[in-house]
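Me: I have a structure that is new to me. Could you take me through some of its features?

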Amino acid sequence: MPQDLSPLWISLKTSFLATFITFFLGIGAAYWMLGYRGKGKSIIEGIFVAPLILPPTVVGFLLLLFFGKNGPVGKLMEPFNITIVFTWYGAAIAATVVSFPLMYKTALGAFEQIDANLLRVARTLGAKELTIFWRVSLPLAFPGILAGATLAFARALGEFGATLMLAGNIPGQTQNIPMAIYFAVEAGDMKEAWFWAIAIVAISLSGIILTNIWQERKHNYRSINKEKDKQIKPENQSCSLLYQSSASGLFIDIEKKLASFHLQIAFNTDNQPLGLLGGSGAGKSMILRCIAGIETPTQGKIILNGRVLFDSEKGINLPSRNRQIGFLFQNYALFPHLTVAQNIAFGLPKGLSNGNIKLEVEKQLIAMELQGLGDRYPHQLSGGQQQRVALARALSSQPEALLLDEPFSALDTHLRSQLEQQMTETLADYSGVTLFVTHNMEEAYRLCPNLLVLEHGKEAHHGSKYEIFQHPATMNVAKITGCKNFSRAVWMSSQQVEAIDWNCTLEVVESIPNKLSHIGIRAHQLVFTNDPNQENTFLCWLVRTSETPHRMTLFLKLHSPAENVHDYHLQAEVYKEKWVTIKELPFPWYVHLDPVRLMLME
C-alpha cells in the first residue's frame, strides 16, 4: 500500500462533487430537452453530448482556454484572486464536464419511457407542470436516473486527460487515481500501479453492482405487489380471475406427474403460431390438454392474455367451458348426430338470434369452402371436409387460443397439402394464440415461425424455426428435425474438430460449444464435387441406395470401399436429376462437407 493515499481522497472528493452537480444539471437538461420543440435542438443535443465523443485531452484544452488566465471565466475571477487552473476545483470541473453526457442521456431515456398518457391524465386533473414533474415524472424515471448517476460517478472517477490539462498532476492537490497509476508505471513502480488500478476498479464496480442490486430488489418487490394488486377476488368461484394489465399471449409453467410420465415445461408465446415438435410420448398433446382444462397439472400456472386459467398455489382451475379455448382434436370429434351447420353453431356465443346464428354459420361455411354442405352429417363428409368443419366450429366460439392436435395426420398426401395451405391462410387472419402439435418437421416448418422441441416431457430447444434447424441445441433435437448424419466430435482448435466416427478432421465456421459432443450435417447438404483440394472434401464410395419418388438416398463410405451394406458413414440425398449425372461416374467420388452447414452440438 502506498504511503500517500491522497489520490484516493482527491478522486472521491472530485467524483462525488461532479456527480452531485451532474445529477441536477443532467435531470434539468433532460427534462427540458424532452419538451423542447424549438429550433437548434440538434445543435444543443450535440453540445450536451460532445464531451462523450471528443478526446478527453481536447475537452481539457477547451476548458483550459475557458477557465485559464486569459479565458472569459479566468478574467472574471481575476479581481477576486480566484483561480481554477491547477486546483482540485479544476479537477472537479473536468470530471463534471466529461460525466455530464452520461447523466443527461440516461435521464432523457428514462423520461422518454414514461407513458405519455400518465402525464396527460395528470394535466386533466389540474396538476401544474412542476407538480407533475415531482409527483409523476421523477418517481417513474428515478431508477434510470440512479443508473445514470452511477455511470457518471464511475466516469468521473476514471477521468484523466481533461483533468491533466486543466488541473495538472500536483501530488496531494490534483493528482487523482488515474494519474497516480500513469506516473507510477512511468516511474517503474508496478506495485503502486497495481494497488491503484485494483482500487479504482473496486470502487467503480461496487457502485454499479449496488445500484443493480437495488433496482433488482425494487423490481421484484413491485412485481410481487402487482401480482397481489392485480388479482380480483370473484364473488363466484366459477368466474375467471383477471390480471388487470396489457399482458397478451400465453404463459405456461406447469408440472404433470404420472406413473410413467413426467411433464415439466415452462414457456410463453404470442400470436405467432408455435409448433410443438417431438416424438411420441414427448408430452405435446398433454400440454394442449392441460391448457384446455381437460387434464389438470400437478402444479404450476397457466395464464392466457392476463387471465389465470390455472394456478395451483391460489387454487384456481377454471373449467374448460370458461377458458375460451378452441381445440381441434386429431380425430376432429364432430358430433355425429348434428349436421355440419349445427356443429358449427354449437360453438357460437349464447344468446344470438336465429337469424344471426344462420348468418355466422354461413360466414364460416364460406370461409372454409363448405358451401352447400350445411345440411350434411359428419359421416357424409370426406376427411378433409370433416377437418374444416372442426376448425370452423373451433373458430366460431371466438377463442383466445387455438390448439391444433395433429390436424393433418389422418389425411392423404394430396389432401394434406391442400388443407395445409388453407390452414396457413386461416391462421394468418386469426389474432389469437395458436399451438400446433405435429410429428412432421416439414409441416411444422411451413406453418410455424417458432418451434418448441420436446423430449420426454422437457424442453429440448425453443426458438425460431431457422435457429432450431440451423443450430440445434443437441443431437436429439437435430434428429427430431430430420438430421441423419452424426459423428462423435472432439475439439482440435478454434476452427477444427475431429469427427471420430467419420475418421476425419473438419474445418468449421460455427463457434465450438464448451461441451462439444457431436457434429452433424443434413443429408441434402452434402455436395459432390470434382475438386479434391477443397477443404472438408473426402474420397467416398457408394455402399447402397434407397429410392423415393423424387429423391435418392445414397449411403456413403469415406476413405475406403465398404465391407458390407451396413458399413457406411454418411447419407446423402439428391434429386433424381442429379443422380442420373453421377451414378455412372467411376469410384472413388469426392464429397464436400460445407463448413457453413456443419452443426456442432452438445
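This is a predicted model: local features need pLDDT of at least 70, side-chain atom pairs count only at pLDDT 80 or more; totals for chains, interfaces and linings use all residues.

Me: Where is F24 found?
Reply: F24 lies in helix 1, which spans residues 6-35.

Me: How do helix 1 and helix 7 cross?
Reply: The axes of helix 1 and helix 7 (residues 129-157) come within 9 Å and cross at roughly 145°. The crossing is right-handed.

Me: Which residues make that contact?
Reply: On helix 1, the contact residues include L12, F16, F23, I27 and Y31. On helix 7, F133, L138, F142, I145 and F153 are among them.

Me: And how many of the contact residues are nonpolar, polar or charged?
Reply: The contact of helix 1 with helix 7 has 15 nonpolar residues, five polar ones and one charged one.

Me: Changing topic, which peptide bond is cis?
Reply: The bond from F587 to P588 is cis, and its omega is near 5°.

Me: Where is the place of P588?
Reply: P588 sits in the loop between helix 19 (576-582) and strand 21 (589-592).

Me: One more: what is phi of N305?
Reply: Phi of N305 is near 50°, which is a positive value in a residue other than glycine.

Me: Which strands are on either side of the loop with N305?
Reply: The loop that holds N305 runs between strand 5 (299-304) and strand 6 (307-311).

Key. Residues are numbered from 1 along each chain as its sequence is written. Side-chain values use heavy atoms; hydrogens and water are left out. Helices (H or I, at least four residues) and strands (E, at least two) are DSSP runs, numbered from the N terminus. Axes are lines fitted to C-alpha atoms, for helices over the stretch in contact, and angles run from 0 to 180 degrees between N-to-C directions. A crossing is left-handed if the near helix is turned anticlockwise from the far one by less than a right angle, and right-handed if clockwise. Contact means heavy atoms within 4.5 Å. Ala, Val, Leu, Ile, Met, Phe, Trp, Tyr, Cys and Pro count as nonpolar, Asp, Glu, Lys and Arg as charged, and the others, Gly among them, as polar.
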